[in-house]
Amino acid sequence: MLNAESTESINNLLVRCVLKDATAFESLYKLTSPKLFSISLRIVKKQEWAEEILQEGFINIWNNADQFRGDKASAMTWMTRIMRNKAIDHIRKKPQNEIQDEGVLDTVVSGTSGPLDHLFDADTTDALQKCLDELDNSQKNAINMAYFQGLTHQELSESLDTPMGTIKSWIRRGLQKLKGCLSL
Amino acid sequence: MKLENPQVRDLIAAEYVLGTLAGGARRRFEKMLWNDANLRLLVEKWSNKIDTLAAGITPVTPPTHVFTAIKKRLNLTAPTDRTEAETPASGWGKLAFWRSATALAVAASFVLALYVSVYLPKPEPAPVYVAVLNNEAAQSSWIIKTNVEARELSIETVSPQYITADKAFELWLLPANKTAPISVGLVQNQGVTTLTLPSELSVEFIKTAGLAISLEPTGGSPTGLPTGPVLYQGKLQLL
């Protein structure tokens, strides 16, 4: 369900960061960092790296808040994109032997639920989920794995033991169906 | 990488947001984004949808030292937060006499500066109030800053607000006691507009009033009250 108050509050806090309002920045961090930390953690799978990414990401958010355009994006998707890009760039620079799943998601303390579950526009979230449910299982699974684990076509091919051509086809057809379903 | 076919551009933008674009292709795409506004729009469009996938992720509270490090790197740490470990050691006993004398002089200047800053009266900075005006979709559209006592308002658009040539934006104060809105003046649809608040209104009245922007004919409301739709609203908060 859409929680307009939460999304409005995050947008406002981000806009106040343009004015270099440190109190707003701290509130923004408290409200969004558990979700953004979790996003990074899933991709890099190492607590130390996820902490570095969170740090770099929030410094980027503070320094570039003036580039956020409230008429084109929601604050939460804008910040999520910054964090995911940093996590993906980080993991792809690392040698393969350094990348090991430490199982941190099994041991770290989860933040509270509640308002944190309503950081994104619920109407958009619901629409995407409905459209994902209309995809073939193989397409949906490949898109979810790519998003949540930051996997490339090659990594998906190895992980799913499926030829890369098939993986590319699943992803592309899945995205084209989403485009139609979401009227993009 | 050439991206001229609209369908290919769209698909590559989607793959970039999803994260499957890798290696040199990803780096080349990011370079293209710098100079291709239309491509950036495609990325925004896909990100607004695809990135809501993260809504389902269980949040994980990061350790407190991460934010401490962020504040330190951005120099947001208040002086009272500093630890003794961050203070350089003085090393008095090891210094030669002349160096001690220099240090004493420096210390004396600090004491003097401290005395001046603590004991001599200095003017209090005027409080600054800020309002963020949102549209109906809760998107932040205008930032208003004011030093209420100086009676000046600075109104800035978050991004250009498009209107036809026969329309104008007018800013209103909405009194806390729900009486009729008071016009402050017309505001430009982009950049910064500076307006002066009516001198007859008390500071308390202004601080507690709401702010709204309505769409009016060119030249402003002909009646002295909003005649068009109220598109943006917000309230002042102490910065």
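What follows is a chat about reading helices, a strand and the cores in this predicted model.

Colleague: Let's start with helices. What span should the 14 residues of helix α3 of chain B have at 1.5 Å a residue?

Modeller: The 14 residues of α3(B), residues 37–50, should span 20 Å, and the end C-alpha atoms are 20 Å apart, so the two agree.

Colleague: Where does α2(A) bend?

Modeller: At T32(A), by about 55°. A proline, P34(A), follows within four residues.

Colleague: How do I read the ends of these helices?

Modeller: Look for a side-chain oxygen by a backbone nitrogen. D21(A) caps the N-terminal end of α2(A), with a side-chain oxygen 3.0 Å from the backbone nitrogen of T23(A). At the start of α3(B), a side-chain oxygen of D36(B) comes within 3.3 Å of the backbone nitrogen of N38(B). After α2(A) comes K45(A), with a positive phi near 60°.

Colleague: Which residues of α3(B) are buried?

Modeller: The general idea first: an α-helix has 3.6 residues a turn, so residues three or four places apart point the same way. In this helix the buried residues are L39(B), L42(B), V43(B), E44(B), W46(B), S47(B), N48(B) and I50(B). They pack against α4, α6, α7 and α9 of chain A, together with α1 and α2 of chain B.

Colleague: Now strands. Which side chains of β6(B) are buried?

Modeller: In a regular strand the side chains alternate between the two faces of the sheet. Along β6(B), residues 192–196, T193(B) and L195(B) point to one face and are buried.

Colleague: How many bridges join β3(B) to β6(B)?

Modeller: Five, and the two strands run antiparallel. Opposite T194(B) in β6(B) you'll find S154(B).

Colleague: What about the cores: which residues touch the most other members of the largest one?

Modeller: Nonpolar side chains tend to be buried together in soluble globular proteins. Here the largest nonpolar core has 77 residues, and L175(A), L178(A) and F29(B) touch the most other members. Helix α2(A) gives this core its largest share, 10 residues. Another core, of 23 residues, lies apart from it and includes I144(B), L173(B), I213(B) and L215(B).

Colleague: And chain B overall, how many helices and strands are there?

Modeller: Six helices and nine strands. Of its 239 residues, 38% are buried.

Definitions and conventions
Residues are numbered from 1 along each chain as its sequence is written. Chains are lettered from A and ligands numbered from 1 in the order in which they are written. This is a predicted model: local features need pLDDT of at least 70, side-chain atom pairs count only at pLDDT 80 or more; totals for chains, interfaces and linings use all residues. Side-chain values use heavy atoms; hydrogens and water are left out. A nonpolar core is a set of buried Ala, Val, Leu, Ile, Met, Phe, Trp, Tyr and Cys residues joined through side-chain atoms within 4.5 Å. Buried means under 20% relative accessible area, exposed over 50%, partly exposed in between (1.4 Å probe, protein chains only). Two strands pair if DSSP finds at least two bridges between them. The bend at a residue is the angle between axes fitted to the seven residues ending there and the seven starting there. A polar contact is a pair of N or O atoms within 3.5 Å; within protein, one must be able to donate a hydrogen and the other to accept it, and residues adjacent in sequence count only if both atoms are side-chain atoms. The expected span of a helix is 1.5 Å times one less than its number of residues. Contact means heavy atoms within 4.5 Å.
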